Amino acid sequence: MKKTILLVLLLVSFGLNTALKADDDFTKAMVKAKQSLKTAVDKYDEKEMIKARGQFERILQLKKNTWLVNYYLALCDYNISTTGMEKKDNDKIKKYTQSGLDLLEKSILERDNFGDAYVLKMSLEYNRFQYEMDKMQTIIADVTAAEESAKKYDPTNPRFYLVKGIATYFTPAAFGGGIDKAQPLIEKSIELYGLIKNSDETLPDWGLDAAYGYMALCMIDAGKLPEAKSYMDKGLAISPDSKMLTGWVKKQYDEKAK
Amino acid sequence: MKYLFTLFLLLFISANTFAADSLATVPVKISGIVKGEENKPVNGANLVIEGTIDGATTDEKGMYEFETEKTGKQKLLVTAVDYSSYSTEIDIQQGQNIVLDIKLTKNVTTTEQILVTASSFTSGENSKVTLTPLEIVRIPGANADLYRALTTFPGSNQVDEGSRITVRGGDPDEVITILDQATLYNPFIFDDSYNTSSFSTVNPWSLKGINFTSGGFSAKYGNALSAVLDLKSYDMPTTTGMFAVIGVGVGGLSGVYNNKGKFGGTFSLTQSYLKPFFELNGQTGDYSKIPETQGAGGTLAYKFGTTGNMKLYFNYTNDAIGIRNTSPSYDGYFNSNSDNYFANYKISFAPGTTSLLSAGASVSLFNRKLNYGILDTRSKDYYAKGRVDFTQPVSNSTDLNAGVEYEYLENQTKGTVPQNSYNLRLNAPSLKIDTSSNSGRIGGYIETQMRISENFFIIPGIRSDYHTLSKKISVDPRLSVGYQLAKYNVVRGAIGLYHQYATPQNYLSANNNDLVAEDAMHYILGYEYNKEGDIVFRVEGYYKDYRNLTAFDPNDFYLKSIGSGYAKGVDVFLKYKYQNKFTGWLSYAYADSKRKPYDSAQETSSDYDISHNMSLTASYNLTDAINVGFTYRISTGKPYTPVTSATYDPVQDVYVPVYALKNSDRFPTYTRLDMSFQYLTSLFNKFCVVFVAFNNVLNTKNLYQYSYNFDYSNKIEINSLNKRIVYFGVGLQL
């Protein structure tokens with residue numbers, strides 16, 4: 001009997017150790033890939049984004065939480081697609097937006113209550129305006145559907161308000177957008193970031209630096225430069241290399257300060 | 001002691017498990033280049049050894065390099081956006097680095113554009129479409145009408161500036177419209193009404209796919225001689241909401257509903273009352289009944305399982321008009337009133353992992369009352385159709401399509417018709433008619449879509465139909481091919497036999513139902529340059545050889561299959577799109593279409609032998625919110641048969657016209673310029689579109705027909721009522 005118990009203990013120990021190791025491999029790889037993506041996004045470096053994408057794609061081989069890995073792959077695609085906007089490369093925007101939407105569909109099929117997936121879907125759907133404005137009605141319907149799901153599954157997700165705020169920021173006032181309407185959404189986003197207690201380091205945690213950046217832009221527009229500076233500093237404290245903060249926001253700030 | 005040993009063993013195993021990584025063997029380096037189309041390097045391809053995270057991503061030169069401690073036979077997986085996944089087995093030996101170059105092929109969806117068959121113009125969600133739905137509804141002069149939009153493509157012409165179209169010199173009846181597998185026999189309002197343009201009842205916004213083929217079409221389409229307009233409506237609405245449109249004289253309300261993606265529905269209501277429109281633009285016709293229409297329709301959809309979808313589509317329209325018409329024998333109002341009911345039920349699901357089965361049943365009823373002088377008829381056209389289509393990929397490069405259909409047509413006509421077409425007076429000699437006729441047709445087809453290589457496809461198919469009235473079987477072999485010469489450059493061709501049976505009414509005028517199906521042999525060859533739909537250039541030549549056309553035998557006045565003819569020509573299409581700013585396209589068609597009613601008769605122009613036809617459409621976004629556009633059309637006048645003299649008939653006290661050779665003269669050249677303006681904005685925080693249309697801006701007088709005075713001594717021009725008009729309205733999301 002004692003021998004049997006010991007044998008079972010032995011097997012359980014072995015199995016547990018193997019599982020713990022797999023978990024550890026997955027977590028390590030995910031954290032590393034997330035960091036690579038953050039660095040790439042901060043630097044706005046397409047090559048690095050593509051490399052980070054490859055890291056996530058290889059993590060798929062671990063066959064663990066593939067819904068989450070696919071989410072990150074879609075996030076990589078979204079970020080790569082934005083590099084096409086600067087160069088007005090519609091082919092690239094389309095290619096990566098479509099790929100991102102396909103990956104999100106896989107992610108949602110596996111786990112349909114992950115709020116961040118719908119937030120990212122909103123962003124990717126907004127991208128479609130860049131290359132198929134003529135499908136405006138369909139895009140609006142798809143964005144609305146994603147918005148409803150995002151709110152339903154994670155009503156306090158700060159990235160939901162951030163994405164909505166950014167979209168509102170860039171939408172002309174004639175279509176219900178504008179900086180004054182974007183500001184409360186971004187404020188709400190920052191407030192919600194403060195309430196997050198994320199213990200799982202593989203889950204998404206991006207966006208607070210960008211939220212500070214957009215708040216800084218709102219303040220610059222309102223002529224409130226000290227407040228703008230304060231938001232910029234808060235953003236830079238999180239992402240010192242953020243090209244958005246050190247480049248675009250800083251440039252706007254400097255121009256207004258002249 | 002034993003327990004201590006066991007405990008030690010447990011700890012040892014645990015420690016070893018974690019320490020395995022540190023007991024590394026010498027890693028093996030794997031490197032190489034990943035290439036794609038035309039041996040160009042693929043940037044961002046991902047390589048990984050299956051079951052591990054050992055791998056790398058290629059750089060701009062397509063180069064990769066990584067190390068692994070795995071040994072033995074391993075599977076290397078390669079993926080890249082836009083490319084098909086690739087895997088290969090590699091044998092990793094300690095101390096032996098591996099250099100491996102890999103070639104990826106574009107995935108199937110990116111090579112689909114060459115599968116577009118000859119003479120096809122597409123719209124919908126596919127990224128390779130010729131025109132998008134928005135481009136279609138924005139076409140100036142098209143009035144958001146799908147059929148009018150199609151006439152900006154080469155090869156198709158409007159009938160009387162309305163929605164009914166003719167294609168490549170054929171008759172309007174040679175074009176069929178398919179909606180979700182059902183045939184739409186009367187998708188028009190004001191069809192065939194005197195000097196009144198018809199309008200389509202199909203809402204372009206309800207369509208997820210439009211495929212217009214002006215020749216050489218697939219074997220799955222039967223009973224059509226010239227062209228097919230294949231429409232697919234949305235299976236399931238993606239959201240919930242309503243949209244209202246209010247224009248001068250026309251109002252509409254539509255809505256969509258989606259319940260968790262499982263159940264959905266749509267509805268649309270339209271009502272026209274043209275009095276304000278006439279007051280704004282000046283009423284040009286003399287009406288006893290101002291044209292009026294009502295419409296109601298919608299869909300109900302339900303998703304079942306993972307792939308199943310059921311959909312019920314229904315539509316009702318009514319139109320009424322009373323317009324004055326002065327003919328040589330009668331001066332009075334042409335009155336028409338029609339009701340059109342249509343319903344289609346469709347179910348589709350995947351019986352296997354890759355196959356798709358669709359089945360549908362549709363019914364329609366078209367009631368029409370016509371009255372002009374002695375002519376006074378009421379007709380009913382019933383139609384029913386059942387259809388099953390099946391698609392099964394048989395390999396990575398071959399799809400098999402097959403299907404069967406049964407179609408029933410019935411016509412009932414009652415009333416009074418003039419004995420002679422030249423005397424329409426109320427007291428003219430007439431015939432009382434009360435006829436009923438019906439026919440059935442059962443057909444089946446099978447075809448394969450074969451991608452022989454990345455650049456070459458071939459679609460052989462065959463269909464056969466049996467017709468109950470003629471008791472004849474037709475067999476139609478068809479073939480489409482396409483070859484991609486280089487990126488964006490495709491050569492396409494098609495050859496095939498096409499049959500179309502006469503209507504049940506025609507058989508009433510035949511002797512012992514002695515009418516076989518009309519047939520046409522299509523030969524098409526063309527070239528297309530299509531850069532992602534932004535730049536499209538297409539040139540296509542065609543020849544259609546008509547046989548067994550239905551015509552009256554001058555010897556016994558029975559309808560017989562004795563006509564023949566041909567149509568040949570060249571279509572040219574050029575489209576340019578610049579980002580979201582500008583879209584413009586130019587269509588030019590040359591056609592030569594001749595018909596002969598019987599062997600010994602002289603060959604003459606067909607009714608729609610339009611030798612030259614050109615249209616230019618441009619649409620420009622001044623800002624993200626403001627769009628302006630124009631369409632200019634110019635074409636050879638259509639043929640008509642002039643009256644050369646007339647003889648007096650003292651019995652009827654009427655002149656009998658003497659006609660020249662059929663279609664021996666032509667109307668003057670037709671031209672028209674239309675402009676449009678759209679402003680997108682928000683109202684009450686909701687999406688809103690304001691639109692203004694200026695039709696026939698130059699107020700060109702285009703001829704509708706020639707009429708004559710009572711003794712035919714004076715030819716009178718009857719101009720189209722489509723004079724310069726302005727129309728405006730607002731669409732608002734609710």
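**Strands and cores**

Tutor: Happy to! Let's begin in chain B, where Arg387(B) stands opposite Glu405(B), a residue of strand 26. Keep in mind that this is a predicted model.

Student: How many bridges pair strand 25 of chain B with strand 26, and in which sense, parallel or antiparallel?

Tutor: There are 19 bridges, and the pairing is antiparallel; strand 26 covers residues 398-418. The two strands are joined by a hairpin, with two residues making the link.

Student: And what about strand 24 of chain B, how many bridges join it to strand 25?

Tutor: Strand 24 (residues 356-372) and strand 25 (residues 375-395) of chain B are antiparallel and share 17 bridges. One example is Phe366(B), whose bridge partner in strand 25 is Asp381(B).

Student: Which residue in the turn between strand 24 and strand 25 of chain B has a positive phi?

Tutor: That's Gly373(B), with a phi of about 60°. The turn belongs to a hairpin that has two residues between the strands.

Student: Switching to chain A: how many helices and strands does it have?

Tutor: Chain A has 11 helices and zero strands. Buried residues account for 48% of its 258 residues.

Student: What share of the chain A contacts with a separation of 6 or more comes from residues 24 or more positions apart?

Tutor: 66% of them. As for its surface, chain A exposes about 12,400 Å², and 56% of that comes from carbon and sulfur atoms.

Student: Now the inside. Which residues touch the most other members of the largest nonpolar core?

Tutor: Met30(A), Phe56(A), Ile59(A) and Tyr71(A), out of 34 residues in that core. Several helices of chain A supply at least two residues each, among them helix 1 (2-43), helix 2 (46-59) and helix 7 (158-170). Helix 3 of chain A gives the most, nine residues.

Student: Why does this core lie between domain 1 and domain 2 of chain A?

Tutor: Because domain 1 (30-153) and domain 2 (156-258) of chain A both contribute residues to this core.

Student: Can we zoom in on one member? What does Phe56(A) touch, leaving out residues up to four places away in sequence?

Tutor: Its contacts include Met30(A), the residue Leu37(A), and also Val69(A), Tyr72(A) and Cys76(A). Lys34(A) is on the list as well.

Student: Which residues does the second, separate core include?

Tutor: Among its 30 residues are Phe153(B), Leu207(B), Leu229(B) and Tyr383(B).

Technical notes: Residues numbered from 1 in each chain as written. Chains lettered and ligands numbered in written order. Predicted model: local features only at pLDDT ≥ 70, side-chain atom pairs only at ≥ 80, totals over all residues. Heavy atoms only, no water. Helix = DSSP H or I, 4+ residues; strand = E, 2+ residues; numbered from the N terminus. Buried < 20%, exposed > 50% of the residue type's maximum accessible area, 1.4 Å probe, protein only. Contact = heavy atoms within 4.5 Å. Areas by Shrake-Rupley, 256 points an atom, 1.4 Å probe, with all protein chains shown as cover. Core = buried A, V, L, I, M, F, W, Y, C linked by side-chain atoms within 4.5 Å. Domains from an automatic or database assignment. Pairing = 2+ DSSP bridges.
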